[in-house]
Amino acid sequence: MIWGLSEHLKKTDDPEEFAEFLPYLIMMRVWIERRRREPRDEGYVGIFPCGKGSDWSEVGQFWTFTDSHNCMALRSMCEALKKHGADEYASTKAMLDDYSRIIIEIRDELFHGHENDESYILPHMPGIPFEDSENYSYYTDGAPYLLYTGFIEPGSEIMQKMEAFFRKRGQFERGLTGRMTSCASMWDEAYFGGYGDVWYVLQSETYWIKAWCDCGERDKALESLEACLTFGMSPECIAAERYCSINPWYNPWQPNGSGSSRVIEMMQTYFGIKSV
């Protein structure tokens, strides 16, 4: 909500509209600050405490998704506050800087000791090795999400080792970047370990296309964009959330509204936006 409202307010010059939404932005900011400051017996301080995800059973501090997304939203909020000359800009910027510093410290701490590894992926839950986790949608909500939220620099050593990790495991293929390795749902488990591959489409490609474009690897970005349009959409341009290599009718979450918007975002990232 913070990100969506802020992105809108960054583009409007209406002071009354800004004044209408500002109290809600502040309430959400206060809630985030209260949650990240909650006392705890274990885990990192300064990010959200342990919690259970809505789509998986693990309990942990999902810093790569929850906290990095919070910072992305607060970053946008700061830009909106600054544009409209709001008094709340300074305090929000201070909160963002502190929150971002902690995420960067966690990132660097977890990467330390892996500088010479051929491939490596940051764990999505601090304190729990990647191999010991249930490996939920780590290819979408795990470390790759840090590319999207600005905590892994495009072309950096961390990005290169993470890309090598996925390619080594066969999870990047023909431009798709989300081969599922833990399909425990009622729809996916029949395929996982059976007679076909299931891919989570039109999500992680968003992060990788942006990162590849930003670091000049547009050939990889184009391959991924074309894969999304080929395997992630029906001939009628209906976006899906899954693709199965041996079953073109395997679409348990079709149509996928958020996937439709991400297709537009990926095309804007690759081709650019022209204001008229």
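Trp208 and Trp212 are four residues apart in helix α8 (residues 204-214) and are therefore separated by about one helical turn, helices being DSSP runs (H or I) of at least four residues, strands (E) runs of at least two, both numbered from the N terminus. Both tryptophans are buried, that is, under 20% relative accessible area, with exposed meaning over 50% and partly exposed in between (1.4 Å probe, protein chains only). The model is predicted, so that local features need pLDDT of at least 70 and side-chain atom pairs count only at pLDDT 80 or more, whereas totals for chains, interfaces and linings use all residues. Residues are numbered from 1 along each chain as its sequence is written, and side-chain values use heavy atoms, with hydrogens and water left out.

The structure holds 17 aromatic pairs, in which ring centres of Phe, Tyr or Trp (its six-membered ring) lie within 6.5 Å and the planes count as stacked under 30 degrees, edge-to-face over 60 and tilted otherwise. Tyr145 and Tyr148 form a tilted pair, 5.8 Å centre to centre with 40 degrees between the planes; both lie in helix α6 (residues 145-149), three residues apart. Tyr145 is buried at a relative accessible area of 5%, and Tyr148 is buried at 18%. The rings of Trp208 and Trp212 have centres 5.5 Å apart and planes at 35 degrees, so this pair is tilted. Ring pairs also link Trp208 and Trp212 into a cluster with Tyr138, Tyr139, Phe165, Phe166, Phe172 and Tyr200.

Gln61 lies in the loop between β2 (59-60) and α3 (63-83) and is buried, with a relative accessible area of 3%.
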